[in-house]
Amino acid sequence: MEELQNAVKDGGLAVSNLPEKGRCLLTTKNFYPGEVILRQEPYVCVPNNTVSRCDGCFASESLKKCSACQVVWYCGSTCQKSEWKLHRLECIALSRLEKEKRKAVTPSIRLMVRLYLRRKLQNEMFIPASVTDSCNFVEALVSHLKDLDEKQLVLYAQMASLVHLILQWPEINLKEIAENFSKLACNAHTICDCELRPLGTGLYPIVSIINHSCLPNAVLIFEGKSSVVRAVEHIPEGAEVSIAYIDIAGSTMTRQKTLKEQYFFTCTCPRCIKAGQYNDIQESAILEGYRCKDDRCNGFLLRDSEDKGFICQTCGLLRSKEEVKRIVSEITAISDKELKYKSPGNHEEAISQYKMIEKLQMELCHPFSISLMRTREELLKILMEVGDWREALAYCRLTIPGYQRVYPELHPLLGLQYYTCGKIEWN
């Protein structure tokens, strides 16, 4: 712990153990909006497999496949040389597999294989290790293995079997590998480009110390494969650094449910401790509830005490359960049809379906509804794909008020939406 403390203190940070939170990252100086708090290279990382990407820089152009393993791609000799110490062992291990089994090597499997290979190379001093970049730090991460259900445990056991087959190291057992998969699930991060499109997955040991908040004072972004934590507000000396593990757009109940299912904890951030208070109930009803039947009223609805329907908290007008169920059923039917018959090239049909959903949601949902905002995002995406810039711009502008409501002023997602608007206007 002391070595780790010394390793980060020069950057204005301190690792601390708080009774209620465990290990966390505290500031030892003031940080201001936009300022870099922490920058770290991945301990291990892999590109995703949605498109072929270079293992060194995640580029997707001018790629050549490794001639031996036929799994890994490189954009050139520079990236190949930079990855060679690790890939040399990985290549030998993957080449032993039958061709059919190599197809089952997912990014998650590769990440685990690389985790063990890097540990081996550091132990044998072929790759340098530091306090913040060592296998000891990775081993100290929390796994939450005891919190997993049987289905997830079986999946990790199957993945562990494949890793064991690839490595062929008798000294590691399946339980240990399964536990490490659980650690990665809770501690690895999705590496994104400047437009927040996912490129791969990486493990960043110091970033993993940073706790979650639904009102974060910092954000995690990426510059290439490097993780960068930047302040989004003034963080005074001695304060805890926090980021959001999940999308913070949504009601307290939705956020709590997601955090419990994915990360196995109950959030007690300043936003979540207000659960059940009037302002929190109001915000939840606006983001995920229904609108008043009177188009002139902008009130939010709550379920009435006699369970007959939902009452507008501004004008008192009742909206019946039957009417709400009817519109929800119509939205669900169209959504199911869109998913069932979705075709990559059938843009006109997709636009028509989403506009029907949007019309029903405008009738049912509050203007700041997350569901309505997501539908408009889908329409925006398709309209941009077909080059209908004028209508795309109209939909992009419609999403901005929702983004301004659910994200802090300096949040990357809000900034990206402004950028998208500008890009569409230019087109």
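Residues are numbered from 1 along each chain as its sequence is written, and side-chain values rest on heavy atoms, with hydrogens and water left out. Because the model is predicted, local features need a pLDDT of at least 70 and side-chain atom pairs count only at pLDDT 80 or more, while totals for chains, interfaces and linings use all residues.

We can begin with the sheets. Helices (H or I, at least four residues) and strands (E, at least two) are DSSP runs, numbered from the N terminus, and two strands are taken to pair if DSSP finds at least two bridges between them. Strands of a sheet pair through backbone hydrogen bonds, either parallel or antiparallel. β7 and β8 (residues 198–203) run antiparallel and are joined by four bridges, with Ile191 standing opposite Gly200 in β8. Contact means heavy atoms within 4.5 Å.

Another open sheet has three strands in the order β3-β11-β10, and its pairing is antiparallel. Here β3 (36–40) and β10 (218–223) are the edge strands, each pairing on one side only. The twist averages 20 degrees from one strand to the next. Six bridges link β10 to β11 (residues 226–231) in the antiparallel sense, and Ile221 stands opposite Val228 in β11.

Turning to the interior, a nonpolar core is a set of buried Ala, Val, Leu, Ile, Met, Phe, Trp, Tyr and Cys residues joined through side-chain atoms within 4.5 Å. Buried means under 20% relative accessible area, exposed over 50%, and partly exposed in between (1.4 Å probe, protein chains only). The largest such core has 46 residues, and those with the most contacts inside it are Ile109, Met112, Val163, Ile166, Leu167, Ile177 and Phe181. At least two residues of this core come from each of β4, α2 (77–95), α4, α5 (135–139), α6 (150–167) and α7 (174–187). Helix α4 gives the largest share, eight residues. Beyond its neighbours within four places in sequence, Val163 is in contact with Ile109, Met112, Val113, Ile177 and Phe181. A second, separate core contains 27 residues, including Cys297, Ala350, Tyr395 and Ile424.

The buried residues of α6 are Tyr156, Met159, Ala160, Leu162, Val163, Ile166 and Leu167. Seen down the axis of α6, these fall within an arc of 160 degrees, so they line one face of the helix; the arc is that of the directions from the helix axis to the C-beta atoms. They pack against α2, α4 and α7. The face of α6 turned away from the buried side carries the exposed residues Glu150, Lys151 and Gln158. After α6 comes Gln168, whose phi is positive, near 55 degrees.

Several loop residues complete the picture. Ser208, in the loop between β8 and β9 (211–212), is buried, with a relative accessible area of 13%. Leaving aside neighbours within four places in sequence, Ser208 is in contact with Leu141, Asn187, His189 and Leu203. Ser62 sits in the loop between β4 and β5 (64–65) and is exposed at 64% relative accessibility; its phi is near 55 degrees, a positive value in a residue other than glycine. Asp307, in the loop between β13 (301–303) and β14, also is not a glycine and has a positive phi of about 60 degrees. At 36% relative accessibility, Asp307 is partly exposed. Gly316 lies in the loop between β14 (309–312) and β15 (318–320) and counts as partly exposed at 45% relative accessibility. Gly316 and Cys292, 24 residues apart in sequence, are 9.0 Å apart in space, C-alpha to C-alpha.

Key
Axes are lines fitted to C-alpha atoms, for helices over the stretch in contact, and angles run from 0 to 180 degrees between N-to-C directions.
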